[in-house]
Amino acid sequence: AGNRVERNTITFNAAISSCGKAGLWEVALQLLLDMADDRLERNTTTFNATVSACEKGRAWEASLQLLGAMSEDDVEGNTIPFNAAISACATG
């Protein structure tokens with residue numbers, strides 16, 4: 001008993017990234033929301049992975065909403081989420 005994985009930013013980021021690779025963008029979004037509910041820090045890596053998951057799922061609307069959420073959370077962006085959102089818009 002008792003081999004639970006700690007719920008923290010690192011484990012959520014890994015789970016979100018895995019969801020993106022598996023094409024489960026909706027699950028990635030839910031994990032991002034769960035992080036907010038758990039009052040865990042959502043950082044650049046979190047948003048990079050979530051926007052990339054949405055890109056793979058061609059969920060352009062969600063990608064754009066995430067860019068706004070990054071700003072609201074005062075998360076410093078880099079080129080990864082912006083390029084992923086542009087790609088999602090182009091293919092979606």
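The model is predicted, so local features need pLDDT of at least 70 and side-chain atom pairs count only at pLDDT 80 or more, while totals for chains, interfaces and linings use all residues. Residues are numbered from 1 along each chain as its sequence is written, and side-chain values use heavy atoms, with hydrogens and water left out.

**Helices α4 and α5**

- The axes of α4 (residues 60-72) and α5 (residues 79-91) come within 8 Å and cross at roughly 155 degrees; axes are lines fitted to C-alpha atoms over the stretch in contact, with angles from 0 to 180 degrees between N-to-C directions.
- Helices are DSSP runs (H or I, at least four residues) numbered from the N terminus.
- α4 is therefore roughly antiparallel to α5, a term for angles over 145 degrees.
- From α4, the contact (heavy atoms within 4.5 Å) is made by Trp60, Ser63, Leu64, Leu67 and Met70.
- From α5, Pro81, Phe82, Ala85, Ala88 and Cys89 take part.

**Nonpolar cores**

- A nonpolar core is a set of buried Ala, Val, Leu, Ile, Met, Phe, Trp, Tyr and Cys residues joined through side-chain atoms within 4.5 Å, where buried means under 20% relative accessible area (1.4 Å probe, protein chains only).
- The largest core has 13 residues, of which Phe47, Val51, Cys54, Leu66 and Met70 touch the most other members.
- α3 (44-56), α4 and α5 each supply at least two residues of this core, and α4 gives the most, with five.
- A second, separate core of nine residues includes Phe12, Ile16, Ala28 and Ala53.

Note on methods:
Parallel < 35°, antiparallel > 145°, perpendicular 65-115°, else oblique. Buried < 20%, exposed > 50% of the residue type's maximum accessible area, 1.4 Å probe, protein only.
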